[in-house]
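Trainee: Hi! Could you walk me through this one while I look at it?
Mentor: Happy to, let's open it up.

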2 protein chains.
Amino acid sequence: MKKKTVSSPALLVDLYELTMAAGYFERGLNSRSTFELFVRHLPSERAYLIAAGIESALDYLENLRFEDSDVQFLRAQPALKTVSDDFFDYLRKFRFTGDVQAVPEGSPIFAEEPILQVTAPIPEAQIIETYLLSVVNFETLVASKASRVVRAAEGRSILEFGTRRAHGPEAGVRAARAAYLAGCDATSNVLAGERFGIPLAGTAAHSWTQAFPTEAEAFEALLDTFPETAVLLIDTYDAIEGAKLATRLGRKIPGVRLDSGDLLEKSFEVREILDVAGFSDTKIVASGDLNEFKIARFVAAGAPIDVFGVGTEVATSRDVPALSVVYKLVEIQRGGLREVKTKFSDQKVYSPGRKQVWRFSEGERFHHDLIACADENYPEAQPLLAPVLRDGRRVIPREPIARARAATLARIARLPEGLHALRNAPTYPVLKSAALERLLDEVRELYSASRETTGVGSAQ
Amino acid sequence: MKKKTVSSPALLVDLYELTMAAGYFERGLNSRSTFELFVRHLPSERAYLIAAGIESALDYLENLRFEDSDVQFLRAQPALKTVSDDFFDYLRKFRFTGDVQAVPEGSPIFAEEPILQVTAPIPEAQIIETYLLSVVNFETLVASKASRVVRAAEGRSILEFGTRRAHGPEAGVRAARAAYLAGCDATSNVLAGERFGIPLAGTAAHSWTQAFPTEAEAFEALLDTFPETAVLLIDTYDAIEGAKLATRLGRKIPGVRLDSGDLLEKSFEVREILDVAGFSDTKIVASGDLNEFKIARFVAAGAPIDVFGVGTEVATSRDVPALSVVYKLVEIQRGGLREVKTKFSDQKVYSPGRKQVWRFSEGERFHHDLIACADENYPEAQPLLAPVLRDGRRVIPREPIARARAATLARIARLPEGLHALRNAPTYPVLKSAALERLLDEVRELYSASRETTGVGSAQ
């Protein structure tokens with residue numbers, strides 16, 4: 001991307017957020033409103049999701065500004081030509097001034113549990129919708145997939161290599177962070193290393209081997225330059241011959257990588273070649289369209305693979321490349337009253353009103369969740385949503401990623417054991433409080449009573 | 001993203017590109033090398049791909065610089081600690097100085113056809129691999145999917161709305177451009193409008209309707225603010241009632257949107273309500289997890305839908321969220337000789353040597369392609385690869401996106417008719433020239449003859 005564009009993420013927004021904000025502004029509608037961001041339903045391939053993208057959302061909210069050039073561009077848009085100058089002045093001075101609650105990044109979450117809850121003047125709450133959905137959708141997607149891969153590897157290392165197949169290199173950075181948060185050990189994406197302090201890893205490409213007159217020279221050259229870290233890619237021509245060649249060089253070999261063919265069979269053969277030749281410290285790295293199912297199979301077969309390199313599958317969450325994330329108005333303050341809101345046109349109606357999610361444990365394990373109205377209290381359970389921004393400013397410090405990762409792994413370990421199954425996992429129980437159900441019923445009755453006051457309930 | 005990071009895309013790279021570049025540098029290996037970027041095989045869901053991401057690649061190559069802070073970060077990396085200071089000086093002065101050939105952006109392309117062909121000193125050609133793969137993979141993915149959606153709509157408008165489900169908002173920008181290139185009519189992504197001049201479009205959200213005391217007030221407010229462009233989202237509570245309400249306002253109604261339920265059935269009902277009330281000019285927009293198959297079904301049923309809003313399916317290429325793009329060394333100049341290169345460890349071996357793709361036509365339609373050695377000539381066919389960068393500088397002007405889009409649509413129209421089928425399309429014939437086949441045989445023989453000169457052929 002060009003420098004100009006990326007320095008102004010304010011235009012990373014759907015046009016309709018701005019036309020609606022303009023409409024609210026023109027009508028003097030500035031009511032404090034609460035929106036909740038949640039996943040409508042879990043994909044059948046996922047027993048749980050790992051919430052991510054929250055730090056990205058907070059960075060955006062704290063720094064959101066419209067540059068003069070942005071405002072000039074908007075002013076020239078046909079869609080905004082009927083909007084008054086005052087709105088463009090409003091954009092020029094725009095700051096996000098709202099309050100945000102969020103679940104801790106790296107929390108296991110389930111359908112209909114708010115991940116973010118935004119309370120702000122409605123034009124502000126509207127403008128931020130697109131960006132928030134996009135980062136939470138994608139980073140949650142990757143963290144959730146990575147968690148499965150990490151689980152399948154049963155303690156073996158996972159390197160995330162996906163940038164080349166991510167949806168643009170910027171998506172690669174986001175994917176690297178989300179994958180690390182969920183338990184991957186390192187990434188190949190250098191910018192993710194620089195921005196977040198994630199450990200970097202890499203091996204060598206087939207082109208390296210091909211660039212030298214012989215494979216032996218290629219191996220020697222890599223070992224000369226990186227005597228402590230070189231991982232020889234041995235399968236450019238023939239993996240078994242490549243392994244034998246490596247052992248004949250008379251050098252220390254930190255690692256070898258297999259990237260094609262039957263990785264399971266070859267890993268055994270290569271391990272034996274290495275061991276017989278006295279290279280029992282040499283690590284075997286395997287890669288090539290790996291996912292949680294292939295890794296689980298290798299692990300179950302006792303494959304002597306020390307490190308898995310995983311790319312496309314994690315960086316695109318290939319089997320589930322999108323979540324049903326939505327951002328819904330649940331409450332609006334009008335004339336001192338809080339009106340709770342929902343819509344009824346969907347098969348599945350989302351409960352109105354501000355919420356809290358309570359997580360109940362039994363022993364070490366999480367047992368079930370209860371989605372309740374925000375003003376309920378369940379002292380025996382853990383509330384998931386906590387304030388993260390107040391008046392547009394962070395109220396929690398930024399957590400180092402390594403600590404967030406450790407906390408994430410600890411939380412995942414507390415899920416009911418069955419949820420770690422890669423297929424046919426049981427459904428984690430998520431209940432709704434009686435008060436929340438009652439609120440929905442009340443709104444539904446009001447709606448039925450009169451289309452002209454449709455969807456409007458009054459909760460004190 | 002933070003300003004700092006995005007202003008320096010040089011770190012949007014896999015670590016191993018830099019370690020390999022360092023290794024080449026340390027060994028004095030600076031040979032001019034040719035890499036080709038291509039898709040290994042077409043996904044079974046795609047009869048053709050639309051090449052995209054080329055402009056992104058060229059922008060990157062022309063502007064690639066390592067900032068001092070980038071170099072400092074790299075120098076501190078454990079993986080690079082054995083690398084000499086000279087390499088970091090090299091990075092500080094780094095410019096891409098190579099030559100690049102490419103197919104025109106928006107070309108239909110097939111498996112194994114080079115999309116980009118890079119000839120440069122090998123460290124340069126290596127460093128750029130990750131970024132090039134990432135942008136070509138993703139933008140081609142989206143353009144290819146969008147082309148199917150556009151085809152299914154048979155002339156009805158398609159609005160691309162996918163940023164909220166794209167893999168981060170930056171992916172949304174790339175998706176918007178690729179979708180427009182392939183024939184979508186507008187995007188919701190404002191930054192894509194600003195950067196590329198793509199038309200912007202948008203409607204309103206359910207939250208808009210809910211934010212007002214009544215649905216009628218919400219509709220009135222939108223029409224007040226945007227009398228010429230407002231599209232009323234009529235399904236917040238009940239689409240049919242919403243349509244009736246709209247007709248009772250006594251206002252001009254540019255459009256209405258349906259976003260839930262049975263869109264086919266509802267479109268007929270709503271059209272009738274509008275027509276009976278004299279609103280035959282009011283457009284109907286439909287949205288809600290649409291893809292090419294659903295749209296084809298609506299079109300076949302004669303649904304009175306004027307505009308389709310498509311999001312997730314296009315912006316993530318949901319059914320095929322990654323392509324098998326690779327970037328392979330095919331030739332290296334050494335001591336005045338050109339050695340051609342390939343690797344044999346894969347099931348499918350890519351032909352060595354620099355190539356050209358010749359497209360043969362019969363009448364108006366493309367008939368077949370021939371992949372040939374770069375020095376062959378087929379005057380009766382059209383060569384696809386043409387110079388785009390020479391010595392790191394553009395040799396073709398940047399094309400306005402609207403013109404690129406028109407050229408793309410013209411090319412797609414020239415594909416054999418069967419290729420437009422959404423399912424079970426025939427395979428477009430892609431042949432290889434005798435000279436190219438011979439070259440592969442020669443390299444294979446040399447490889448069999450001696451593992452020590454493995455994969456090395458000499459083409460004068």
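Trainee: Let's start where the chains meet. How many residues does the contact take from chain A and from chain B?
Mentor: The contact takes 100 residues from chain A and 100 residues from chain B. Keep in mind that this is a predicted model.

Trainee: Which helix gives the most to the side of chain A that touches chain B?
Mentor: That is helix H2, residues 15–26 of chain A, which gives nine residues.

Trainee: And what does that side look like by class?
Mentor: The side of chain A that touches chain B has 46 nonpolar, 34 polar and 20 charged residues.

Trainee: What rotation superposes chain A on chain B?
Mentor: A rotation of 180 degrees does it, with 0.0 Å of shift along the axis and an RMSD of 0.0 Å. The two copies are thus related as by a two-fold rotation axis. Also, 100% of the interface residues of chain A are interface residues in chain B too, so the copies meet through the same surface.

Trainee: Nice. Let's zoom in on one chain. How many helices and strands does chain A have?
Mentor: Chain A has 17 helices and 20 strands. Its C-alpha atoms fill a box of roughly 80 × 55 × 35 Å along the principal axes.

Trainee: What share of chain A is buried?
Mentor: Of the 460 residues in chain A, 56% are buried. As for contacts in chain A with a separation of 6 or more, 71% of them are between residues 24 or more positions apart.

Trainee: Can we pick a helix? I'm looking at H13(A). Which of its residues are buried?
Mentor: The buried ones are Leu263(A), Lys266(A), Ser267(A), Val270(A), Arg271(A), Ile273(A) and Leu274(A). They cover an arc of only 165 degrees around the axis, which puts them on the same side of H13(A).

Trainee: Why would residues three or four places apart point the same way?
Mentor: An α-helix has 3.6 residues a turn, so residues with that spacing of three or four places face the same way.

Trainee: What's exposed on the other side of H13(A)?
Mentor: There you will find Glu265(A), Glu272(A) and Val276(A).

Trainee: And what covers the buried residues?
Mentor: For H13(A), the cover includes helix H12 (239–247), strand E9 (255–258), strand E10 (283–287) and helix H14 (292–300) of chain A.

Trainee: How far apart are the end C-alpha atoms of H13(A)?
Mentor: They are 20 Å apart, and at 1.5 Å a residue its 14 residues should span 20 Å, so the two agree. Just after H13(A), Gly278(A) takes a positive phi of about 85 degrees.

Trainee: New topic: the core. Which residues have the most contacts inside the largest nonpolar core?
Mentor: Leu232(A) and Leu232(B) do, in a core of 298 residues. Leaving out residues up to four places away in sequence, Leu232(B) touches Ala204(B), Phe219(B), Leu222(B), Ala246(B), Ile253(B) and Val256(B).

Trainee: I also clicked on Ala146(A). Is that one buried or exposed?
Mentor: Ala146(A) counts as buried because it has 30 C-beta neighbours inside 10 Å. Ala146(A) lies in helix H7, residues 129–153 of chain A. Beyond its neighbours within four places in sequence, its contacts include Ala178(A), Ala182(A) and Val314(A).

Trainee: Last one: where is Glu112(B)?
Mentor: Glu112(B) is in the loop between strand E4 (108–109) and strand E5 (116–121) of chain B. Its phi is near 70 degrees, a positive value in a residue other than glycine. Most residues other than glycine have a negative phi. Glu112(B) counts as buried because it has 21 C-beta neighbours inside 10 Å.

Trainee: What about the phi of Asp289(B)?
Mentor: The phi of Asp289(B) is near 55 degrees, also a positive value in a residue other than glycine. Asp289(B) lies in the loop between strand E10 (283–287) and helix H14 (292–300) of chain B. With 16 other C-beta atoms within 10 Å, Asp289(B) is partly exposed.

Conventions: Residues numbered from 1 in each chain as written. Chains lettered and ligands numbered in written order. Predicted model: local features only at pLDDT ≥ 70, side-chain atom pairs only at ≥ 80, totals over all residues. Least-squares fit on C-alpha atoms with pLDDT ≥ 70 in both. Contact = placed C-beta atoms within 7 Å. Helix = DSSP H or I, 4+ residues; strand = E, 2+ residues; numbered from the N terminus. Expected span 1.5 Å × (residues − 1). Buried ≥ 20, exposed ≤ 12 C-beta atoms within 10 Å, placed from the backbone. Arc of directions from axis to C-beta. Core = buried A, V, L, I, M, F, W, Y, C linked by C-beta atoms within 7 Å. Nonpolar A, V, L, I, M, F, W, Y, C, P; charged D, E, K, R; others polar.
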